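Here is a short tour of one protein model, written for reading alongside the sequence and the 3D view. Please keep both open as you go.

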Amino acid sequence: MKLVFLGPPGAGKGTLAGLYARKYNTRHFSTGDLLRAEIASGTPLGREVKALVEAGHLVPQRLLGRVVADRLRGMGDFVLDGYPRTLEQAEFLTGDGSLAPDAAVFVNVPEAVAVQRLLSRRVCEGCGEITNTADIQESDPCGTCGGKLVTRADDDAETIKRRYEVYIAETAPVTEYYRRGGILLDIDGSGKPPAVLARLEAALAAFRAAGHDNG
Ligand code: ADP
């Protein structure tokens with residue numbers, strides 16, 4: 001299936017999308033990861049978007065649309081995380097027959113929970129694995145590759161607030177767009193990742209049983 005993951009910053013979209021993609025052997029593509037990699041390598045795109053991303057603003061679709069389409073076209077099934085984030089982006093996917101999602105997964109968590117997750121999130125510089133300070137010592141290395149754990153540039157309190165405002169204004173309408181289209185799966189994102197994955201699997205099974213199986 002072609003799945004898109006939606007939800008507020010800190011909902012756990014990336015973690016859930018990654019778990020799902022590994023278990024079902026599907027391509028996982030995160031626009032946030034792509035942009036951070038471009039910024040870290042200092043590519044022309046990275047230089048153009050650095051200030052926007054680090055301040056919690058959206059990257060314009062004119063810079064992102066082609067990159068997303070080039071990555072996904074002809075790939076068959078995919079799990080897309082962090083895109084679409086605006087109605088313009090949602091319509092772009094729908095309008096391109098081969099990229100139209102079969103289902104949109106809305107990872108739903110209360111704002112207070114999401115903000116706490118963002119403030120305590122650490123990311124491995126080496127392999128990108130996400131951890132939480134509740135589960136590690138502040139000085140611990142990455143449990144997967146031994147790399148250094150760092151705080152993301154946009155995970156400070158002020159930038160988190162801006163990302164939330166952008167989410168409410170720009171991305172919440174995307175959820176309604178897919179709800180109207182009858183392909184929204186509303187998942188309770190609270191608790192540990194395996195519990196959320198189990199809820200997603202149950203929702204997908206019900207979705208397929210209702211006749212929405214496109215593969
Ligand atoms: P989160 O969901 O935790 O806020 P992401 O890693 O998905 O973070 O995205 C980080 C940042 O990358 C966003 O705040 C934004 O600046 C940029 N970005 C990612 N995806 C998109 C997109 N689809 N459209 C515009 N900007 C994006």
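Asn 25 is exposed, because its relative accessible area of 75% is over the 50% cut-off. This is a predicted model, and in it Asn 25 sits in the loop that links helix H1 (13–24) to strand E2 (27–30). Although Asn 25 is not a glycine, its phi is positive, at about 55°.

## A cis peptide bond

Another loop to look at is the one between strand E3 (78–81) and helix H5 (87–95), where you will find Pro 84. Tyr 83 and Pro 84 are joined by a cis peptide bond, with omega at about 5°.

## The nonpolar core

In soluble globular proteins, nonpolar side chains tend to be buried together. Here the largest nonpolar core holds 51 residues, and those touching the most other members are Phe 5, Val 49, Leu 80, Tyr 178 and Leu 200.

Which residues does Leu 80 contact, leaving aside its neighbours within four places in sequence? They are Leu 3, Val 4, Phe 5, Phe 29, Leu 72 and Leu 93.

## The whole protein

The protein contains 8 helices and 8 strands. Its radius of gyration is 17 Å, close to the 17 Å that the globule rule gives for 215 residues, so the protein is as compact as a globular protein of that length. Of its 215 residues, 44% are buried.

As for charge, there are 26 positive and 28 negative side chains, and the centres of these two sets are 1 Å apart. The accessible surface is about 10600 Å², with 52% of it belonging to carbon and sulfur atoms.

Definitions and conventions. Residues numbered from 1 in each chain as written. Predicted model: local features only at pLDDT ≥ 70, side-chain atom pairs only at ≥ 80, totals over all residues. Heavy atoms only, no water. Helix = DSSP H or I, 4+ residues; strand = E, 2+ residues; numbered from the N terminus. Rg over C-alpha atoms; globule rule 2.2 N^0.38 Å. Buried < 20%, exposed > 50% of the residue type's maximum accessible area, 1.4 Å probe, protein only. Areas by Shrake-Rupley, 256 points an atom, 1.4 Å probe, with all protein chains shown as cover. Lys, Arg positive; Asp, Glu negative; His and termini not counted. Charge placed at Lys NZ, Arg CZ, Asp CG, Glu CD. Core = buried A, V, L, I, M, F, W, Y, C linked by side-chain atoms within 4.5 Å. Contact = heavy atoms within 4.5 Å.
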